[in-house]
Structures are given as C-alpha cells and as structure tokens.
Amino acid sequence: MGHSHGLRAGTRYAFSRNFKEKGQIRLSTYLKTYRVGDIVDVKVNGAVQKGMPYKVYNGKTGVVYNVTKSSVGVLLYKVVGNRYMEKRINVRIEHVKHSRSREDFIKRVKLNAEKKRQAKEQGVHLHLKRQPVGPREAHTVEGSAPETITPIPYDTHI
C-alpha cells in the first residue's frame, strides 16, 4: 500500500479542531492585536487553509517580527541536525495566539519590585533569588503497626 508524502501528511489529528470548537471561528481571534516583539504560539486552525504554516511549526513558540493586515511574520528556531536554525514564517492570525510563557516571569518581576520597595522602607536586606523546593518535612505515621509480608511457600503436592 502506498504512502502519501504531501505537505499535510500525518496531520489528521494535529490540524483537526478540538471538541466543541468546530464551526465558525470566534470573532475574538480577529480582534486581537499583535505587535512586533510579541511572543506567540503557532497553533494551526484546520478550518482555515489560507496562510497555514507547515506542520513542523505547529506548537512552536516564536517572536513576531512583522505585522500586516491579516497575517504576522513569526521568527522561530527549528532543530536541523545538531544546530538551531532561525526560521521566518508568515502566518495568518487564525493560526497564532499570544503565548502565556512569560506570564509567570512578569508576575514574579512585579512581586519582586513590591518586595524591594517594602524592604527599602523597612531598611532590611533582601534576597530575591529563587530557591529550589527542598525535601518535605519528616513526620511519623500514627495508628498503624509495621507489618512483615512474606511470600507463601510453593506447594508441589496435589
């Protein structure tokens, strides 16, 4: 049996719309504003064939470097052999969404700025470096006695 080698080969599930998301595309997709420097995720919308990126770029995160009327240029990095190659793709806005990858970082920056301000008012030296989560505190389990479990010896008699 033959095997298709087309542009969209192997994208049966990757490009399909999700449950309860089939049909008309939400208007909010078109009302979002993208600016140069924004971090976006490439997420292919199977309902729109125009301006669709190649399957390799689906799920990748990149930076917007160009904005036009109905599409954005996204700069991303692709693993080719033993290196990362910079790739520039032009994608319609139906196939991109704002990335949430920096939300945590921005929230932490704001929180640290607030902590610095409070520490300065109180005249206290402050360490803002993140520490890895240490081991859990020791505790004893009460209400149960230790139980020894041994295998039952194999009996060959019938």
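Which residue in β5 does Val-42 stand opposite? Val-42 stands opposite Val-96. The model is predicted; local features need pLDDT of at least 70, side-chain atom pairs count only at pLDDT 80 or more, and totals for chains, interfaces and linings use all residues. Residues are numbered from 1 along each chain as its sequence is written, and side-chain values use heavy atoms, with hydrogens and water left out.

The strands are described here in order of pairing. Strands (E, at least two residues) and helices (H or I, at least four) are DSSP runs, numbered from the N terminus. Two strands pair if DSSP finds at least two bridges between them. β1 pairs with β5 (residues 96-98) in the antiparallel sense, over three bridges. β1 also pairs with β2, again antiparallel and over three bridges. There, Asp-41 has Thr-61 of β2 as its bridge partner.

β2 (residues 61-67) runs antiparallel to β3, and four bridges join them. Val-64 has its bridge partner in β3, Val-74. The two strands, β2 and β3, form a hairpin with three residues between them. β3 and β4 are antiparallel and pair over 10 bridges. Val-80 is bridged to Arg-83 of β4. The β3 and β4 hairpin has two residues between the strands, and Gly-81 takes a positive phi near 65° in this hairpin.

The interior comes next. A nonpolar core is a set of buried Ala, Val, Leu, Ile, Met, Phe, Trp, Tyr and Cys residues joined through side-chain atoms within 4.5 Å. Buried means under 20% relative accessible area, exposed over 50%, and partly exposed in between (1.4 Å probe, protein chains only). The largest nonpolar core has 12 residues, among them Tyr-34, Val-42, Val-64, Val-74, Ile-93 and Val-96. β1 (39-42), β3 (71-80) and β4 (83-92) each supply at least two residues of this core. β3 gives the largest share, three residues. In soluble globular proteins, nonpolar side chains tend to be buried together. Ile-93 is in contact (heavy atoms within 4.5 Å) with Thr-29, Tyr-30, Tyr-34, Ser-70, Ser-71 and Val-72, leaving aside its neighbours within four places in sequence.

Leu-7 counts as exposed because its relative accessibility is 66%.
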